[in-house]
Amino acid sequence: PTAITAGAVISACGKSGMWEQVMQLFRVLAQSTLELDTTAHNAAISACEKAGEWTRALQFLHVMDQSNVKINTISFLAAISACQEGGKWKKAMEIYSLMTQATVEVDTTIFSAAISACAKAGSWQNAMHLLSEVAQRQVESDTITFSAAISATEKAGEWEKALRLFDAMLQSKVQCSTISHNSVISACEKG
């Protein structure tokens, strides 16, 4: 098989939720002369994310770094999302920090994933810090970014901050979602 064929098989297995087969395929291919590219590694990280295997997702990210395989925005996003799914917001923040030190573009999806990881764990202060970085880096906020930050403040019972975020969302002309509405209502109920 070629690297492209192997990458396609890894991607197909990942999309089908067959992360164990992805792991096995990587073990077999490690013994061959094939060099798997960024796309294959990203597919493996995404497969682990979908399976809730955040530690294995981080292992793939580490392998990419050690093997000099180019780590891109998708690599970091999949790893942060895997940590989010695993409830590991501190790990998500570590990955975000690594990403900001690398020469990889930090975009709205990265911020949204990192803020969501913080929100899921109830770390509203870190979610707010990330949201302020969105503005500092002049990255455009979207519905998910704001909704995740509002959710973080709601879970912490910070109803005033939730209201301020909701107002900022409206002022930014970002479309409100059911999640953002429900989170701000819930925050006010708790306050």
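## Helix α1 and what covers it

In this predicted model, the cover over the buried residues of α1 includes α2 (19-30) and α3 (38-50); contact here means heavy atoms within 4.5 Å, and helices are DSSP runs of H or I of at least four residues, strands being E runs of at least two, both numbered from the N terminus. The buried residues of α1 are Ala 6, Gly 7, Ile 10, Cys 13 and Gly 14. Because they cover an arc of only 130° around the axis, they lie on the same side of α1, the arc being that of the directions from the helix axis to the C-beta atoms. On the other side of α1, Ile 4 and Lys 15 are exposed. Buried means under 20% relative accessible area, exposed means over 50%, and partly exposed lies in between, with a 1.4 Å probe and protein chains only.

The 13 residues of helix α1 (residues 3-15) should span 18 Å at 1.5 Å a residue, and the end C-alpha atoms are 18 Å apart, which agrees; the expected span is 1.5 Å times one less than the number of residues. After α1 comes Gly 17, which has a positive phi, near 75°.

## Basis of the model

Residues are numbered from 1 along each chain as its sequence is written, and side-chain values use heavy atoms, with hydrogens and water left out. Since this is a predicted model, local features need pLDDT of at least 70 and side-chain atom pairs count only at pLDDT 80 or more, whereas totals for chains, interfaces and linings use all residues.

## Overall make-up

The protein has 11 helices and 0 strands, and its C-alpha trace spans about 60 × 30 × 25 Å along the principal axes. Of its 191 residues, 46% count as buried. Among contacts between residues at least 6 apart in sequence, 61% join residues at least 24 apart.

## Thr 73 and Glu 105

Thr 73 belongs to helix α5 (residues 73-85) and is buried, with a relative accessible area of 19%. Not counting residues up to four places away in sequence, Thr 73 touches Met 99, Val 104, Glu 105, Asp 107 and Ile 110. A polar atom of the Thr 73 side chain lies 3.1 Å from the backbone oxygen of Glu 105.

Glu 105 itself sits in the loop between α6 (89-101) and α7 (108-121) and is exposed, with a relative accessible area of 58%. Leaving aside neighbours within four places in sequence, Glu 105 is in contact with Thr 73 and Met 99. The C-alpha atoms of Glu 105 and Leu 130, 25 residues apart along the chain, are separated by 15 Å.

## Ala 152 in α9

Ala 152 is placed in helix α9 (residues 143-155) and is buried, with a relative accessible area of 0%. With residues up to four places away in sequence not counted, Ala 152 touches Ala 119, Trp 124 and Ala 127. Ala 152 and Ile 45 are 107 residues apart in sequence, and their C-alpha atoms are 26 Å apart in space.

Definitions and conventions. A polar contact is a pair of N or O atoms within 3.5 Å; within protein, one must be able to donate a hydrogen and the other to accept it, and residues adjacent in sequence count only if both atoms are side-chain atoms.
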